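This report describes one protein model, beginning with a single element and then turning to the whole chain.

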Amino acid sequence: MSIRLQVFWSALRHWGVRLGSVAVFFALARILPKEQLGLFSAAIAVIAIAEIFAENGLGEAVVQAKEIDDEILSAAALFNVGFSIIVAAACLIFSAQLEAFLGAPGLTPILSVALVAVLGALQAKRSEERRVGKECRSR
């Protein structure tokens, strides 16, 4: 695959996610009442902060490593899964405090569902990073 095509797909993935998020937000803004939109926005803010901690850059480091073996890939994947679970659990444990701090009654059940979905998405991303790492290593 040429460098231009790789850059194109990388940019599409990066900006596609962001533009998709904006489109979903605007669609929900038309559908949801103001109170529920506020809860949704608060949940998105908490999840964005959790993702910053959960995406610790280990996947990028694995892909960029000059030499890598299955042991390193397994260790990185295990660490990422474990750390993501810890971050999600911390958000769930402190969701009542977050709800009170943000002044958003009803945030806890939304966070419970949303964090499980985000955790699944992060694991899918890490699986893709591991696959890319193996492909890069085989070249």
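Helix H4 covers residues 70-93, which makes 24 residues in this predicted model. From its first C-alpha to its last, H4 reaches 34 Å, close to the 34 Å expected at 1.5 Å a residue. Its buried residues are Leu-73, Ala-76, Asn-80, Ser-84, Val-87, Ala-88 and Cys-91.

Trp-9 belongs to helix H1, which spans residues 3-31.

The protein chain has six helices and zero strands, and from the N terminus on its elements run α-α-α-α-α-α. The table collects values for the chain.

| Property of the protein chain | Value |
|---|---|
| Share of the 139 residues that count as buried | 22% |
| Share of contacts between residues at least 6 apart in sequence that join residues at least 24 apart | 69% |
| Accessible surface | about 9,600 Å² |
| Share of the accessible surface that belongs to carbon and sulfur atoms | 70% |

Key: Residues are numbered from 1 along each chain as its sequence is written. This is a predicted model: local features need pLDDT of at least 70, side-chain atom pairs count only at pLDDT 80 or more; totals for chains, interfaces and linings use all residues. Side-chain values use heavy atoms; hydrogens and water are left out. Helices (H or I, at least four residues) and strands (E, at least two) are DSSP runs, numbered from the N terminus. The expected span of a helix is 1.5 Å times one less than its number of residues. Buried means under 20% relative accessible area, exposed over 50%, partly exposed in between (1.4 Å probe, protein chains only). Contact means heavy atoms within 4.5 Å. Accessible areas come from the Shrake-Rupley method with a 1.4 Å probe; for residues, only the protein chains shown count as cover.
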